[in-house]
Amino acid sequence: MAEEEKNQQSDNQNASADTQVTSSDSNTTPPVSQEEPQTSIAKDSSPEESVDGPPSKERRNFLKVIATAGGILGLTPFIPYGSFFTATLGGTEPVRQKIMNAETGSFVNVSDMQPDSSVIFPFPRTGDVEKDSEPFRRYQLIRLAPDLGGESNDASSFRIYSMVCVHMWCLWDYIEGREVEVNGEKFTGNIECPCHGSNYDVRDGLSHKGPAIKQSKPNDALPTLPLEVDENGDIWVLPPDTALEADGVVGLGRYV
Ligand code: FES
């Protein structure tokens, strides 16, 4: 009987151990349920994947602003801080100025420009040679080619864009006579950045080729300036609205 009792006790202990394993197994259940939070984290992260969607574009734009500000701070040893800041990031002075050819020093009249040509000028012009040569004050007045209506002697023949490429801030060139096709439309004259090949549509400053076209709005178009032609044919810059939804911000872009 004592032998049987021993066996019985042993069986009970084994049964108890089995229960503990079962219990232990049940304790391992949480790791299974822990996977659910992981799954839900993964689900939660799926909106992050939509970082490519509109919210993330805003975020990238915000980061671009931060990068721009950082760039300014980095450039301050080379460019007078105050004037640089005045000429950028919405600080453009609300002045009306005649356009002065940076090369010749003379005011620009419609009779001075042939269709499909361009003139570089500073804005806002201060009269200080050093300030007026800052890249962030540099604009280009373009008279459109004839096939874009550039033979008219009114403001419709002209465009002005900041020369700072919104990709990485090189200065672009206007290429006279260049035949381009944008969205199936062919026309003459193109804006091309020599650094990485960004091209901008001369009609509205929107990128149509190269790295700038891949950037989210408003970081894919050149800032502009409003202009008018007076009764003598002289060309003026009107006080700009430096909102991104309007004339834009140098180095950042403009909503097009
Ligand atoms: S800086 Fe103009 S394409 Fe890169």
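Biologist: Which residue is the bridge partner of E181 in strand 6?

Modeller: E181 has K186 as its bridge partner there.

Biologist: And how many residues sit between strand 5 and strand 6 in the hairpin?

Modeller: Two residues lie between strand 5 and strand 6 in that hairpin. N183, in the turn, has a positive phi of about 50°.

Biologist: What order do the strands of the open sheet of four take?

Modeller: The order is 5-6-7-8, with antiparallel pairing. Strand 5 (173-182) and strand 8 (207-209) are the edge strands, and each of them pairs on one side only.

Biologist: I clicked on D173. Where is it found?

Modeller: D173 is in strand 5. D173 counts as partly exposed because it has 16 C-beta neighbours inside 10 Å; a residue needs 20 or more to be called buried, and 12 or fewer to be called exposed.

Biologist: What is D173 in contact with, leaving aside its neighbours within four places in sequence?

Modeller: D173 is in contact with E192 and P194. The C-alpha atoms of D173 and N190 are separated by 8.3 Å, and these two residues are 17 residues apart along the chain.

Biologist: Changing topic: what about the core? Which residues have the most contacts inside the largest nonpolar core?

Modeller: Those are Y139, L141 and I160, in a core of 34 residues. Strand 2 (117-122), strand 3 (138-143), strand 4 (158-162) and strand 10 (235-237) each supply at least two residues of this core.

Biologist: Why would residues gather like that?

Modeller: As a general rule, in soluble globular proteins nonpolar side chains tend to be buried together.

Biologist: What does I160 touch, not counting residues up to four places away in sequence?

Modeller: I160 touches Y139, L141, T224, L225, L227 and V237.

Biologist: Tell me about strand 4. How many of its residues are buried?

Modeller: Five of the five residues of strand 4 are buried, so this strand is largely enclosed by the rest of the structure. F158, I160 and S162 point one way, while R159 and Y161 point the other way, and all are buried.

Biologist: How many bridges does strand 4 form with strand 3?

Modeller: Strand 3 and strand 4 pair over five bridges, in the antiparallel sense. As one example, Y139 has S162 in strand 4 as its bridge partner.

Biologist: What about the open sheet of three strands, what order does it have?

Modeller: Its order is 1-10-9, again with antiparallel pairing. Strand 1 and strand 9 (227-229) stand at the edges with a single partner strand each, so one side of each has no neighbour in the sheet. Strand 9 and strand 10 pair over three bridges, and L227 stands opposite V237 in strand 10.

Biologist: Now R96. Is it buried or exposed?

Modeller: R96 is exposed, because it has 11 other C-beta atoms within 10 Å and the cut-off for exposed is 12 or fewer. R96 is in the loop between helix 3 (81-87) and strand 1 (97-98).

Biologist: Which residues does R96 touch, not counting those up to four places away in sequence?

Modeller: R96 touches W236, V237, L238 and P239. R96 and P226 are 130 residues apart in sequence and 9.7 Å apart in space, C-alpha to C-alpha.

Biologist: Zooming out, how many helices and strands does the protein have?

Modeller: The protein has four helices and ten strands. Of its 256 residues, 27% count as buried.

Biologist: Last one: what is the mean pLDDT of the protein?

Modeller: The mean is 76, and 64% of the residues reach 70 or more. Over residues 1-66 the pLDDT is below 50, and that stretch has eight contacts in the model beyond near neighbours in sequence. Residues 68-90 are also below 50, with 27 such contacts. Where pLDDT is low, the predicted coordinates should not be read in detail.

Biologist: Got it, thanks!

Conventions: Residues numbered from 1 in each chain as written. Predicted model: local features only at pLDDT ≥ 70, side-chain atom pairs only at ≥ 80, totals over all residues. Contact = placed C-beta atoms within 7 Å. Pairing = 2+ DSSP bridges. Core = buried A, V, L, I, M, F, W, Y, C linked by C-beta atoms within 7 Å. pLDDT = per-residue confidence, 0-100.
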